[in-house]
Each structure stands twice: as structure tokens, then as C-alpha cells.
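Reader: Hi! Could you walk me through this model?

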Amino acid sequence: MSKVLKVEIQNDNKSNAIEERNDLSFGLFSSQFLKRHGRHLLGTTAAWFFVDVAYYSQNLFQKDIFSAVGWLLMAKTMSALDELFKISRAQFLIALYGTVPG
């Protein structure tokens with residue numbers, strides 16, 4: 001490490017390292033953890049929540065959405081395979097246009 005950093009590193013007493021380590025340790029549900037990582041955890045949780053809401057609601061209501069937009073005909077006029085193909089094609093285009101730019 002001293003060769004890479006080009007700095008002379010001196011050996012410390014092991015007891016100091018153990019004491020420092022104990023000072024930095026804290027529990028997962030402690031206030032110290034919340035102070036250090038609370039914003040990151042909240043931001044990540046919120047981002048995943050909004051992604052899940054958008055993704056799963058699109059999958060649940062895709063047939064209604066695609067029919068309202070005009071991408072699907074009435075279910076009575078199509079066979080099951082034709083409907084499956086058209087829904088799959090619409091989902092593929094949405095995923096393609098959503099992931100390629102990102």
C-alpha cells in the first residue's frame with residue numbers, strides 16, 4: 001500500500017485499531033445508522049416504490065390501456081393468439097422505447 005500511495009505507512013498498535021473499530025460499529029436499527037444512511041435508504045426505497053407502481057400497474061391494466069389508446073381491437077373480434085401477439089408487441093415496444101434511451 002505504501003508503494004501505491006507513495007507514502008510511508010507506520011505500524012500502529014493493534015489495540016488502537018480494535019478500539020476504533022468498536023467506536024464505529026453500530027446496529028442496523030440504531031439512531032447512528034439512521035443518521036448516516038437514512039437519506040440514502042429513504043431515497044432508494046422511494047425510487048423503487050415508484051418504479052414498482054408504474055411497472056406493475058402497467059402490467060395489470062395493460063389490456064384496458066391498450067384498448068383505450070386504440071392499439072387493440074375488441075376481444076370478440078380477435079382470436080386468443082392474435083390478442084396475445086398484439087399485447088406482446090405493444091409491451092415490447094414500450095420496454096424498448098423505455099430502456100434503450102436510458
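Author: Let's start with F33: setting aside neighbours within four places in sequence, F33 is in contact with F26, G27, L28, G38 and L41. Please keep in mind that this is a predicted model.

Reader: Nice. Which element holds F33?
Author: F33 lies in helix α3.

Reader: And is F33 buried or exposed?
Author: F33 counts as buried, because its relative accessibility is 19% and the cut-off for buried is under 20%.

Reader: OK, zooming out. How many helices and strands does the protein have?
Author: The protein has five helices and zero strands. Read from the N terminus, the order of elements is α-α-α-α-α.

Reader: What about confidence, where is it lowest and where highest?
Author: Helix α2 (residues 14-24) has the lowest confidence, with a mean of 52, while helix α3 (residues 31-60) has the highest, at 87. For the protein, the mean pLDDT is 78, and 85% of the residues reach 70 or more.

Reader: Good to know. What share of the residues is buried?
Author: Of the 102 residues in the protein, 10% are buried. The protein exposes about 9,400 Å², and 64% of that comes from carbon and sulfur atoms.

Reader: Which residues make up the largest nonpolar core?
Author: That core has five residues, namely F66, L72, M78, I87 and A90.

Reader: Take F66 then. What does F66 contact beyond its sequence neighbours?
Author: Leaving out those within four places, F66 is in contact with Q58, W71, L72, I87, A90, Q91 and I94. Among these, L72, I87 and A90 also belong to the largest nonpolar core.

Reader: Switching topic: how many salt bridges are there in the whole structure?
Author: A search of the whole structure finds one. D82 forms a salt bridge with K86, and their closest N and O atoms are 3.9 Å apart.

Reader: Why are D82 and K86 about one helical turn apart?
Author: D82 and K86 are separated by about one helical turn because they are four residues apart in helix α5.

Reader: How accessible is D82?
Author: D82 has 29% relative accessibility, so it counts as partly exposed.

Reader: Does anything else reach D82, or rather, what does the side chain of S79 reach?
Author: The side chain of S79 reaches the backbone nitrogen of D82, at 3.2 Å. S79 sits in the loop between α4 (62-69) and α5, and S79 is partly exposed, with a relative accessible area of 43%.

Reader: One more, E83. Where does E83 lie?
Author: E83 lies in helix α5 (residues 80-99).

Reader: Buried or exposed?
Author: E83 is buried, since its relative accessible area is 14% and buried means under 20%.

Reader: And which residues does E83 touch?
Author: Apart from neighbours within four places in sequence, E83 is in contact with K63, A75 and M78. M78 is also one of the residues in the largest nonpolar core.

Methods: Residues numbered from 1 in each chain as written. Predicted model: local features only at pLDDT ≥ 70, side-chain atom pairs only at ≥ 80, totals over all residues. Heavy atoms only, no water. Helix = DSSP H or I, 4+ residues; strand = E, 2+ residues; numbered from the N terminus. Buried < 20%, exposed > 50% of the residue type's maximum accessible area, 1.4 Å probe, protein only. Contact = heavy atoms within 4.5 Å. Salt bridge = Lys/Arg side-chain N within 4 Å of Asp/Glu carboxyl O. pLDDT = per-residue confidence, 0-100. Polar contact = N/O pair within 3.5 Å; in protein donor to acceptor, adjacent residues only side chain to side chain. Core = buried A, V, L, I, M, F, W, Y, C linked by side-chain atoms within 4.5 Å. Areas by Shrake-Rupley, 256 points an atom, 1.4 Å probe, with all protein chains shown as cover.
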